[in-house]
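Shall we take a look together?

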Amino acid sequence: MVRRVLTLVVALVLLVGLAVGSLYLPMPYIVATPGVTVNTVGEFEDGPVIRIEGARTYEHDGALSMVTIQYAGGPQRRLSTLEVITGWLSPSNAVMPEELLFPADRSPEEVSERQTVQMNDSQTDATAAALNQLGIGYEAVPVVADTVEDMPAEGLVQPGDVIVEIDGEPVPTDTGAVGGEQAVGSAAVVETVSAREPGDVVEMAVDRDGETVEVEIATAEGEDGTAAVGILIADETDFPIDVEISVGDIGGPSAGMMFALGIMDRLSEEGLTGGTRVAGSGTISADGQVGGISGIPQKMVSAQRDGAEYFLVAADSCSQVAESAAYGELEVVRVETLDDAVDALETIRTGEGDLPRCEGLE
C-alpha cells in the first residue's frame with residue numbers, strides 16, 4: 001500500500017513538473033502590444049519630428065499622431081508558452097505566428113532592413129503626397145529599378161535607366177506643369193503602357209549614363225489583364241523644399257498618411273486640427289492613396305491611451321476596428337485618400353458635416 005502511494009506521489013510530482021516545465025518551452029509565436037505614439041507635428045527624442053527648410057512653416061495646437069506596435073518574441077528570443085498564453089488572454093494584445101513578421105527565408109536583420117527602407121520610402125511618398133495636395137510642384141523622374149524575369153523588358157532595359165520618352169513623346173516629370181490633372185513620372189509610364197492592348201509594341205527612349213538608348217518592347221498581358229512590359233519602376237524625386245522626418249528606429253510604412261498630414265500642417269497657415277488630438281494609421285502613395293495595414297486594434301489602444309479623440313483608419317483596415325479594446329472609446333474615421341483625410345479634419349475642425357465611418361460601425 002505504501003509503495004502504491006509513493007508511486008502515485010512520484011507520478012503526480014512528475015506530471016506537475018512536466019506541466020510547469022511546458023509553460024517555459026519556447027514557442028514560435030510573437031505577441032503584438034500597443035506601442036509608442038508620436039505626434040508628427042510635435043517633438044520626439046528632443047527634436048521636432050518634421051523639419052522643413054526652404055519654405056515658411058507654422059506651429060499649431062493639437063496633434064496628428066502616428067501610432068506603433070511593439071513585438072515580443074521572434075527567432076532571436078522565443079517566447080515561453082506562459083508568455084504566449086498571457087498575451088492571448090490580454091484584450092489589448094494579439095498573438096500571431098512568428099513567420100508573419102519573420103519569414104523563414106529572411107533573417108531578422110533583413111526584416112529590420114526592409115522596415116527601414118519602407119519607412120524611408122513612406123517619408124518620400126508622404127512629402128510628394130503633401131505637396132500634391134497643396135498644389136506645390138516638384139520633379140518626378142521615372143527610373144528603372146529592375147525588370148521582371150521572363151517578361152518582355154528583361155535584357156532590354158537596365159537598372160538605373162531613366163525613361164525619357166514613350167513612342168516619341170516625352171514623359172512628363174514636372175507635377176507643377178500639369179497641375180495635378182495628368183500623371184507624371186512612373187505613373188505616366190505605367191498609365192501609357194497599360195492603355196495598350198497586350199501584344200502591342202512600345203518604343204522607349206532611356207537615358208543610360210548620359211547616352212540615349214532606344215528600345216522596342218512587345219507588351220505582354222499583366223496580372224490584371226492589361227498590357228505590361230515587366231519593368232519595376234520608381235520615381236527619383238526633386239522637391240523644392242527639404243523635408244526631414246525623425247522618429248528614431250521606428251520602421252515600416254504605416255505612418256505615411258500621418259506624415260503627409262503633418263507636413264501639410266507645418267506648411268499651412270491655418271492648422272488642420274483646430275487644436276484637436278487626432279491619431280491614425282495607413283500607408284500613403286505619392287498620388288495620395290491611403291492603404292491598409294495590420295495591427296489596428298493595438299494602435300487604437302495606443303491612440304486612446306495618448307488622449308486622441310479621433311482615429312483615422314484606411315478603408316482597407318476597417319474590418320479590424322471592432323476587434324480593438326479601444327473600440328467605442330475613439331471616433332473612428334474611414335479614409336481612402338489624403339483628400340478624404342483633409343476633408344475629415346476640416347469637419348472635425350469646424351464641426352460642420354458628417355464624418356465617414358467604416359461600414360457596419362456607424
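Q: Which strands stand at the edges of the open sheet of 6 strands?
A: Keep in mind that this is a predicted model. The strand order is β6-β2-β4-β16-β19-β20, with mixed pairing. Two of these strands each have a single partner, so one side of each is left without a neighbour in the sheet. The edge strands are β6 (94-97) and β20 (331-335).

Q: Which residue in β20 stands opposite phenylalanine 311?
A: Strand β19 covers residues 310-314 and pairs with β20 in the parallel sense, over 5 bridges. Opposite phenylalanine 311 stands valine 332.

Q: What angle does the direction of helix α7 make with that of β2?
A: Helix α7 (residues 296-305) packs on the sheet and touches β2, β4, β6, β16, β19 and β20. Its direction and that of β2 make an angle of about 40°.

Q: How far apart are the end C-alpha atoms of helix α8?
A: Helix α8 runs over residues 338-350, which is 13 residues.

Q: Is glutamate 45 buried or exposed?
A: Glutamate 45 sits in the loop between β2 and β3 (50-53), and has a positive phi of about 55° although it is not a glycine. Exposed means over 50% relative accessible area. Glutamate 45 has 59% relative accessibility, so it counts as exposed.

Note on methods
Residues are numbered from 1 along each chain as its sequence is written. This is a predicted model: local features need pLDDT of at least 70, side-chain atom pairs count only at pLDDT 80 or more; totals for chains, interfaces and linings use all residues. Side-chain values use heavy atoms; hydrogens and water are left out. Two strands pair if DSSP finds at least two bridges between them. Helices (H or I, at least four residues) and strands (E, at least two) are DSSP runs, numbered from the N terminus. Contact means heavy atoms within 4.5 Å. Axes are lines fitted to C-alpha atoms, for helices over the stretch in contact, and angles run from 0 to 180 degrees between N-to-C directions. The expected span of a helix is 1.5 Å times one less than its number of residues. Buried means under 20% relative accessible area, exposed over 50%, partly exposed in between (1.4 Å probe, protein chains only).
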